Amino acid sequence: IIANVRTEELLAQSQRLAQELQVQSVELQRTNAELEDKARLLTEQSSDLEIKNREIEMARLGLEEKAEQLALSSQYKSEFLANMSHELRTPLNSLLILAKLLADNPQDNLTDKQIEFARTIHNAGSDLLSLINDILDLSKVEAGKMDVRPAPVVLAEVCEYVGSNFGPLAEQQGLELVVELGPDLPESVVTDEQRLQQVLKNLLSNALKFTEAGSVRLSVHRPPADVLFATPTLNEAEAVVAFSVTDTGIGVPSEKLKLIFEAFQQADGTTSRRYGGTGLGLSISREIARLLGGAIAVTSESGQGSTFTLFVPATYPYALDPLGDGTVPALGDGTEDDLPQTPMLTPAPLVPLQAAPVSPGSDPLHGATVLVVDDDVRNVFALTSALELHGMQVLYADNGGDGIALLGQRPDVDLVLMDVMMPGMDGNEATERIRRMPDYADLPIVFLTAKAMPGDRDRSLAAGASEYVTKPVDLDRLLGVMRSWLATRAAGSS
């Protein structure tokens, strides 16, 4: 009986264990099925991931290829603009010099009408030069290669600049030009004076251009303390200075306010438009304002005039020049992500040796021997005509190698006018070789060139240039530079 009871207990326990094992087997089968499903899903995900990785890699390779193409395209564009600048400025230089000589009429053999024609040619050439400069400025901004050199700028001198440069033009048009310097302003601001003047010149030129009656007003003041700017550098600045240009001209319709800041766009771009222009001025001004850490705002009403306001921080908000070439990184739409985050110091620019002042009562030009090294016959003819009128003897070479050879034959050369782009040996290489010649270590070498892209001046100064003058050149300025260097050479040899 005891054995049977024990057997029954073991049998019940065995049956219970068998049921549990069956339940566990079912669970194991279900778990295996789930694992198989997960394994299949992981396999599918792994396959999808591999496909996506391949797609990402292909997209990355495509982006790298496009970036290379863009970089190459940008390089070609920069080279094209540099070459076009040279090719446009070179003939324009001879045109302006010869037109200036005709307009001055040194031999008094031209009629008043002919002198007027010459002045018209000179003015038209100057307008063409301004257009070339605008296009180059726009290309520099787009490439992030526009020079910005912050320094203290006295606000009173800015107002004086505006009054002296635009007062006569406003008077000629019968307009009133008012320049106001508001209260509570710092005596000076730290910014790029040349770029600041360039923006004000664009704004004031537009104001005078589109105003037939009334006044044009420049007001330098502080913006309201509670104003909130869309540009972070202005909001973070300790002080902001506003330059407001207000006119009583034709105004801008509200739907055209955004359009006028786009490159090559104007409020009236039709073939029947009344006012000319390329539509580059405001676009360049907006980009320059960004480079200065500021912004431009406009309020206008059609027929009621306009107010364009340039806001700049009283202290330049960030440092520049990670590459040491005097340029700034390209900025985007003015958001915080577009602004340089790491302060960088700007090295001092290369500065040519200072020429001595010319003593009154003497003209160092008279009797001086000048070597012109230039491959463009038109420029040589124009320069020779101008220099010989001032009593100079002019020698000529059409490349750097011939210039060095001629210099060796004529030790009486007092000054060299050197072009940069020439066949065979360019101006920079020729200057470096001349500077290695002991007899010509202090010979004034004035670069007179059409190369006006960023870095061109610094390369020539590093090669040994005494001064760098871009074509088309103002003849009076060139003669002044030559007088100073000839006086310096004469003082050193005495």
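Start by selecting Met-84, which is found in helix α1 (residues 2–104). Helices here are DSSP runs of H or I with at least four residues, strands are runs of E with at least two, and both are numbered from the N terminus. The model is predicted, so local features need pLDDT of at least 70 and side-chain atom pairs count only at pLDDT 80 or more, while totals for chains, interfaces and linings use all residues. Residues are numbered from 1 along each chain as its sequence is written, and side-chain values use heavy atoms, with hydrogens and water left out.

**Stop 1: the nonpolar patch**

With Met-84 they form a nonpolar patch on the surface, and their accessible area together is about 270 Å². Areas come from the Shrake-Rupley method with a 1.4 Å probe, and for residues only the protein chains shown count as cover. A patch takes residues with over 30% relative accessible area and no salt bridge; nonpolar side chains (Val, Leu, Ile, Met, Phe, Trp, Tyr) are joined within 5 Å and like charges within 9 Å. Met-84 counts as partly exposed because its relative accessibility is 31%. The classes are buried under 20% relative accessible area, exposed over 50% and partly exposed in between, again with a 1.4 Å probe and protein chains only.

**Stop 2: the negative patch**

Now select Glu-87, Asp-375, Asp-398 and Asp-402, which form a negative surface patch. Asp and Glu count as negative and Lys and Arg as positive, with His and the chain ends not counted. The place of a charge is taken as CG of Asp, CD of Glu, NZ of Lys or CZ of Arg. Asp-375 is in the loop between β8 (369–373) and α7 (377–389), and its 32% relative accessibility makes it partly exposed.

**Stop 3: salt bridges**

A salt bridge is a side-chain nitrogen of Lys or Arg within 4 Å of a carboxyl oxygen of Asp or Glu. By this rule there are 15 salt bridges.

Return to helix α1 and select Glu-57 and Arg-60, which lie three residues apart, about one turn of the helix. Their closest N and O atoms are 2.4 Å apart. Glu-57 is partly exposed at 35% relative accessibility, and Arg-60 is partly exposed at 36%.

Go on to Lys-100 and Asp-104, four residues apart in the helix α1. Their salt bridge has its closest N and O atoms 2.8 Å apart. Lys-100 is buried at 17% relative accessible area, whereas Asp-104 is partly exposed at 44% relative accessibility.

Next, select Arg-217 and Glu-180, whose side chains meet in a salt bridge (2.5 Å, N to O). This pair links distant parts of the chain, with Arg-217 in strand β4 (residues 215–221) and Glu-180 in strand β2 (residues 176–181), 37 residues apart.

**Stop 4: strand β7**

Select residues 305–313, strand β7. Eight of its nine residues are buried, so β7 is largely enclosed by the rest of the structure. Strands pair if DSSP finds at least two bridges between them.

Show strand β5 (residues 240–247), which pairs with β7 in the antiparallel sense over eight bridges. Thr-246 has Thr-307 as its bridge partner in β7.

Then show strand β6 (residues 295–301), which runs antiparallel to β7 and is joined to it by seven bridges. Glu-301 has Gly-305 as its bridge partner in β7. Finish at Gly-303: in the hairpin of β6 and β7, which has three residues between the strands, Gly-303 takes a positive phi near 85 degrees.
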